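Colleague: Before I rely on the labels attached to this structure, I would like to hear how each of them was reached. Could you take me through the reasoning?
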Amino acid sequence: MATEKNPPSIAGTLGQLQSSAAGLNQTEAEKRLQQYGPNALQEEKISPLRRLFGYFWGPIPWMIEVAALLSLLVQHWADFTIIMLLLCFNAAIGFWQEYKAANALEALKNQLALKARVLRDGLWEEIAATQLVPGDVLRIRLGDIVPADVQLLDGDYLSVDQSALTGESLPVSKKTGDLAYSGTIVKQGEMLAVVTATGMHTFFGKTAGMVQQAGAVSHFQKAVLRIGDYLIYIALGLVAVLITVELFRGEFFLTLLQFALILTVASIPVAMPAVLSVTMALGALKLSRMRAIVTRLESIEEMAGMQILCSDKTGTLTQNRLTLGEIEAAAGISKDDVLRAAALASKAEDQDSIDLAVLAAVGNQQLLAGWQQQHFTPFDPVGKRTEAQVQAPDGSVWTVSKGAPQVILGLCSGLPPAQLQALQAQIESLAQTGYRTLGVARKTATGDWEFLGIVPLFDPPREDSKDTIAQAHAHGIAVKMVTGDNVAIAKEIAGQLGLGTGILPADQIFAVHADVRQSAPELRRKIAAADGFAQVFPEHKYGIVKALQAEGYLVGMTGDGVNDAPALKQADVGIAVSEATDAARAAAALVLMAPGLNVIISAIEEARRIFERMNSYAIYRIVETIRIMVFVVLAMLAFNFYPITAIMIILLAFFNDIPIMAIATDNTWLDPKPVRWDMRRVLTVSTVLGLIGVVETFGMMLIAMDLFHMDIPHLQTLIFLKLAVAGHLTLFIARTRKPFLQRPWPSATLLWSAIITKAAATLFVVYPMGLVPSVGWAEAGAVWGYCIVWIFIEDWAKLRVYKHLEFNTPRHRHFLRTLRKPLGPVA
């Protein structure tokens with residue numbers, strides 16, 4: 001039996017698969033796709049009906065169902081009907097919102113689908129990994145996630161990280177004939193392979209049933225859930241007081257219990273999970289239209305609070321459109337020799353930007369005529385060079401290499417000190433004018449390395465980078481450049497972009513301090529104060545992130561290579577730039593589908609807007625609980641009658657829950673600084689607004705009793721209308737920290753949903769169809785006028801609270817001025 005340690009022969013595998021090293025044709029591939037199915041793991045699909053019934057099961061549905069049962073027992077048929085409608089309404093809303101969120105997430109998932117380079121009909125093409133079939137021939141290289149179980153056919157070697165499958169901490173070397181498994185990550189090398197198994201038939205697929213991933217709850221979700229628990233405790237405490245007092249007063253127990261249950265349900269944030277998930281999912285879908293794909297919804301909170309962004313230079317701050325400068329050949333070497341060796345140490349199929357730039361510079365193809373590339377070792381971030389074995393037209397075999405100048409100079413150990421010094425000065429001089437440089441060398445089969453010359457490369461800054469960096473600074477985000485180039489190049493590009501020239505050489509810092517977490521706080525502060533980092537290896541990125549996090553910052557880090565994955569995972573917001581490897585994308589929280597920094601800034605702005613929507617919802621929900629619960633309980637204790645009926649409480653839930661769903665589309669104020677969850681601010685603002693609402697409702701109650709001389713049934717109707725109208729007027733106050741009549745205006749969806757539901761509530765109390773006592777248009781108009789007057793009072797109070805919390809009142813300003821005054825002479 002074939003195993004990893006005892007793989008079958010390549011000829012045997014190809015024969016069994018009825019394939020060859022030339023791969024399959026398209027017709028055969030389509031036939032096999034029908035036979036074997038897509039190359040994907042089976043997901044447990046929950047039927048829509050089962051998902052819908054789930055909304056009738058759980059603590060909150062149980063409370064509503066018990067209330068319905070009690071209404072049935074006491075024969076309150078109207079109450080029973082409306083309670084059942086509420087139950088079905090909550091289920092329908094929750095089901096629809098979950099359906100929308102699931103569709104949004106599925107769309108994001110499709111955009112992140114793995115690709116594979118496959119040989120079909122004799123041509124290399126890129127297809128979705130799900131379309132692979134047994135017998136397909138693939139090209140697997142550095143940074144790829146192996147898309148299926150394969151047997152390696154041709155190439156030098158692969159170094160594969162199998163830790164996700166086997167727990168092995170070190171990469172495993174693979175050679176021709178070895179097996180490689182789906183889901184493992186290529187750390188080094190490049191080889192051809194034939195697919196042996198796909199989907200659930202892979203090693204990963206067979207063990208997938210034993211693997212479960214636990215989704216971490218974000219800080220923001222925890223905070224909102226804590227608010228939900230807080231509201232439940234308040235509601236249960238007040239209901240307990242109410243039941244105790246009313247039982248002593250002789251109230252009928254079943255009626256009181258039914259009312260208490262309905263009041264509790266109305267106070268609990270039933271819509272919170274739906275609002276939370278839909279706001280996040282729709283926000284993520286909007287980000288995807290900006291070419292930024294969120295891989296984990298909870299990362300949106302970290303994006304909103306990001307304080308430092310460590311950005312790659314190449315392709316993010318620069319155009320990643322390399323052009324060759326004037327080649328500097330060594331003594332006795334022609335420029336054509338240098339260019340030929342550099343081109344032979346390149347491979348067009350790998351689509352590497354440096355390789356493509358070098359090959360594009362070969363204007364006369366006769367330069368490479370008769371030369372054959374026999375073996376090619378691609379660039380890796382550790383070795384920092386490419387290497388190829390080539391055969392010359394005369395049959396002689398040479399090894400050529402191109403890469404980082406310091407690495408190539410290190411190979412050529414026989415260079416005289418004077419020449420070495422002159423070359424280093426030349427490299428430094430080119431760097432100071434913004435040129436990256438490649439060293440080029442060659443050797444015979446038995447000889448030593450010979451240095452051929454220097455190839456300058458220029459990658460100009462993107463046209464929008466400078467403005468985008470200024471925009472990031474205006475948003476309170478410090479941008480630090482991270483590059484593998486030397487300090488001189490980094491300073492030149494940083495100066496052009498307005499980043500500052502305080503560039504630290506990462507290799508020197510980390511050579512002295514292997515673990516920044518244990519280094520002196522002075523060093524961490526130095527890293528935090530730097531404008532950027534040069535001569536960076538991937539492992540340095542991880543150390544930079546840890547140092548900045550140790551200083552208390554929320555850090556974003558960009559990356560594209562397989563070795564960037566640890567830093568991307570460690571960062572609060574790991575960002576895989578466009579053209580990143582599969583491994584980098586898998587580790588990142590945000591995957592960019594377009595080059596440039598402006599995509600990241602747009603994503604941060606949208607994340608802050610999403611955060612503000614959730615913040616507005618939290619404030620509004622606490623206000624409404626305080627406004628309804630505290631008022632109803634205090635009114636019953638003080639006046640010994642129900643200020644609002646059970647039916648009216650249920651209808652309030654109808655009229656309030658519909659517009660609140662629209663908050664996911666709201667136009668929000670964009671905070672100019674990074675935002676974090678501030679529970680003190682939320683609770684203070686919501687408590688003040690909630691208590692004002694209680695006073696406001698008692699005022700309306702006294703007007704109805706003393707001015708309109710209403711009886712209790714008509715007063716209850718008037719209080720219902722007041723609570724319905726005032727509820728969403730409060731939402732318009734809670735949604736912004738500015739005066740509510742200032743921009744940004746509410747979204748059309750939010751505004752019209754509130755207008756329509758409030759108009760429906762007004763029509764309901766004027767024409768109630770026998771469900772509640774009716775009131776006239778004059779009384780309804782008085783309620784509207786009363787609520788509109790109070791909204792300005794609430795808005796004024798909100799602004800005063802925010803000023804107080806920000807220490808911006810005249811009293812605070814006077815106190816701060818006093819502190820700044822110099823002390824007089826001491827006697």
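Modeller: What follows is a set of questions about those labels, with the reasoning behind each answer, and please keep in mind throughout that this is a predicted model.

Colleague: Why is Arg 735 called buried?
Modeller: The relative accessible area of Arg 735 is 3%, and the word buried is used for values under 20%, so Arg 735 is buried. As for its place in the chain, Arg 735 sits in the loop between helix 27 and helix 28 (748-766).

Colleague: What makes the pair formed by the side chain of Arg 735 and the backbone oxygen of Asn 667 a polar contact?
Modeller: A polar atom of the Arg 735 side chain and the backbone oxygen of Asn 667 are 2.4 Å apart, and the cut-off for such a pair is 3.5 Å, so the distance falls within the limit. Leaving aside residues up to four places away in sequence, Arg 735 also touches others, including Ser 616, Asp 666, Trp 745 and Leu 750.

Colleague: How do you know that the length of helix 27 (residues 712-734) agrees with its number of residues?
Modeller: With 23 residues at 1.5 Å a residue, helix 27 should span 33 Å, and because its end C-alpha atoms are 32 Å apart, the two values agree. Helix 27 is also mostly covered, since 20 of its 23 residues are buried.

Colleague: What makes strand 4 (residues 149-161) and strand 7 (residues 185-197) a pair?
Modeller: Pairing requires at least two bridges, and strand 4 and strand 7 are joined by 10, running antiparallel, so they count as a pair.

Colleague: Which residues touch the most other members of the largest nonpolar core?
Modeller: They are Phe 259, Leu 263, Met 303 and Phe 720, within a core of 134 residues. Helix 24 (residues 598-639) gives this core its largest share, 23 residues. Not counting residues up to four places away in sequence, Phe 259 touches several residues, among them Leu 242, Val 632, Met 636 and Ile 649.

Technical notes:
Residues numbered from 1 in each chain as written. Predicted model: local features only at pLDDT ≥ 70, side-chain atom pairs only at ≥ 80, totals over all residues. Heavy atoms only, no water. Core = buried A, V, L, I, M, F, W, Y, C linked by side-chain atoms within 4.5 Å. Buried < 20%, exposed > 50% of the residue type's maximum accessible area, 1.4 Å probe, protein only. Helix = DSSP H or I, 4+ residues; strand = E, 2+ residues; numbered from the N terminus. Contact = heavy atoms within 4.5 Å. Expected span 1.5 Å × (residues − 1). Polar contact = N/O pair within 3.5 Å; in protein donor to acceptor, adjacent residues only side chain to side chain.
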